[in-house]
Amino acid sequence: MKKLTFLAVVCVIIFAAPAIAQQPLDGMLDREIAQLVSTYKTLHAAPELSHHEEKTAAFVASQLRALGYTVTERVGKYAQPEWTSYGVVAVMKNGAGPTVLVRTELDALPVEEKTRLPYASTVKAKDDAGREVSVMHACGHDVHITSFLGTAKMLAALKDQWHGTLVMIGQPAEETVNGARAMLADGLYARFPKPDFALALHDSADVAAGTITWCPGYAMASATSVDLVIRGLGGHGARPEATKDPVVLASQIVLALQTIVSREKSALDPAVITVGSIHGGTKRNVIPDEVTLQLTIRTYKEEVRQQILASIERIAKGLALAAGVPEDRAPILKVIESENSPATYNDPELSERIAAAIGRTVGQDKVVKAQPLMVSEDFGYFSLDHQIPAFMFWLGAVEPARVEAARKSGKPLPSLHSSLFEPQPEPTLRAGIKAMTAAVLELMKK
Ligand SMILES: [Zn+2]
Ligand SMILES: [Zn+2]
């Protein structure tokens, strides 16, 4: 009994302190939420493609400036000089203390929205290749932007509760995974304060709104794009003996590549090799000169990635040799560096600390540990290869009743990037803003 009383006192002491900070947060959110939902709907109806986030960035910059942040626009340098980087960097200095970076993405996807929501996007725009495409915030970056702006507002109003330097960044071109790199290449960590910690959130299309999930350590995989050109000696379809058929060789290579994951690396190191595209030939009776395979490779560890690349090259060249393809027609492996992104590694200590702080704000039962994923993100760049502790958590975005119905029926919910992805604005934004504000306050509290 005595023990119980003691425990109860300890609990009151532990939980009383955060509750004090939480009350003004809830009150402020109650006052702001209608405006934030309206901002979300406006952003949702006006998506912009990667490398074209001009209006979105200008809106984010103006909002942050109005909140008292020192804002710099058009931060970023792409490898392609003809592209403008619409990166936004907003700094708020508040005395000595840690520097914390919070990132949102700004871009949308070439997807035609089919949700039939009253604020659904009907936007069409020209992509980088000049083709007209429909545009949709199908990855929920509009949820991120609005949560980010709400967080920026809360933190500006709660300046007496934190100290240090807050760096809020709007990153362009996440979907093409070159926006983070562009901002770093333009001196993000030299022209602006270099962070001690980096934070981000991403909405989840299979978690209920109001719930946060997180994964310490490797949370998302690295992505490596590879083109494999299988060359042969073309000729008449009726005279294979006079050719070296790259279609047959490519078929053998596609199957042999699947043995890399199953037979060549440890079962404890997750990896995926997918041949997503195979193109060759023009006509039934012509054996072509070459076939091109397009691959994506996903791994967590860099050494596994390197091992897989070496194995792909060895298998392709070995099978070409076995097929009698002359050495000067050996397969060519091209890594498309501009499309690659590193693994997202959540610093374990930072993850535990932030998840606990978020739990105290949104409720411990609403913060759930999740499995790592093999999808990719370019947020990992901001950690400079694990040098800066970074943490990205998942923000549930789906109406809870729909999650429950999907669980019961076994019918999957629309995923991220789906034309039917439909975040539930108010509870998602509330949780996102509370969680990110709590995360920053945990790191910068007085
Ligand atoms: Zn996406
Ligand atoms: Zn995304």
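**Notes on a predicted model: helices, sheet, zinc site and salt bridges**

1. Helix α3, which covers residues 141–157, has 17 residues and reaches 24 Å from its first C-alpha to its last, close to the 24 Å expected at 1.5 Å a residue. Please keep in mind while reading that this is a predicted model. Helix α3 is mostly covered, since 15 of its 17 residues are buried.

2. Eight strands form an open sheet with mixed pairing, and their order is β1-β2-β6-β3-β7-β18-β8-β17. The edge strands are β1 (70–75) and β17 (367–369), each of which pairs on one side only, and the twist from one strand to the next averages 25°. In general, strands of a sheet pair through backbone hydrogen bonds, either parallel or antiparallel.

3. One pairing within this sheet can be followed residue by residue. Strand β2 (residues 87–94) and strand β6 (residues 164–171) run antiparallel and are joined by seven bridges; within this pairing, V91 has V167 in β6 as its bridge partner.

4. Helix α2 (residues 54–66) lies across β1 and β2, and runs at about 165° to β1. Helix α10 packs on the sheet, where it touches β3 (99–105), β6, β7, β8 (212–214) and β18 (390–398), and its direction makes about 155° with that of β7.

5. Which residues provide the protein donors of the zinc ion (ligand 2)? They are C139 through SG, H141 through NE2 and H202 through NE2, lying 2.1 to 2.3 Å from the ion, and along the chain they follow the spacing C-x1-H-x60-H. C139 also bridges the zinc ion (ligand 2) and the zinc ion (ligand 1), which lie 3.1 Å apart.

6. A search of the whole structure finds 23 salt bridges. In one of them, D26 pairs with K434, and the closest N and O atoms are 2.8 Å apart. This pair links distant parts of the chain, because D26 belongs to helix α1 (residues 2–45) and K434 to helix α10 (residues 425–444), 408 residues apart.

7. R191 forms one with D186, the closest N and O atoms being 3.0 Å apart; here R191 is partly exposed at 45% relative accessible area, while D186 is buried at 13%. R314 forms another with E264, with the closest N and O atoms 2.7 Å apart, and this pair links distant parts of the chain, R314 lying in helix α7 (residues 302–322) and E264 in helix α6 (residues 246–264), 50 residues apart. R314 is partly exposed at 48%, and E264 also counts as partly exposed, at 26% relative accessibility. Elsewhere, salt bridges that share partners join R103, E105, E377 and D378 into one network.

Note on methods: Residues are numbered from 1 along each chain as its sequence is written. Chains are lettered from A and ligands numbered from 1 in the order in which they are written. This is a predicted model: local features need pLDDT of at least 70, side-chain atom pairs count only at pLDDT 80 or more; totals for chains, interfaces and linings use all residues. Side-chain values use heavy atoms; hydrogens and water are left out. Helices (H or I, at least four residues) and strands (E, at least two) are DSSP runs, numbered from the N terminus. The expected span of a helix is 1.5 Å times one less than its number of residues. Buried means under 20% relative accessible area, exposed over 50%, partly exposed in between (1.4 Å probe, protein chains only). A salt bridge is a side-chain nitrogen of Lys or Arg within 4 Å of a carboxyl oxygen of Asp or Glu. Donors are N, O and S atoms within 2.8 Å of the metal (3.2 Å for Na, K and Ca); water is not among the atoms, so sites may look incomplete. Two strands pair if DSSP finds at least two bridges between them. Axes are lines fitted to C-alpha atoms, for helices over the stretch in contact, and angles run from 0 to 180 degrees between N-to-C directions. Contact means heavy atoms within 4.5 Å.
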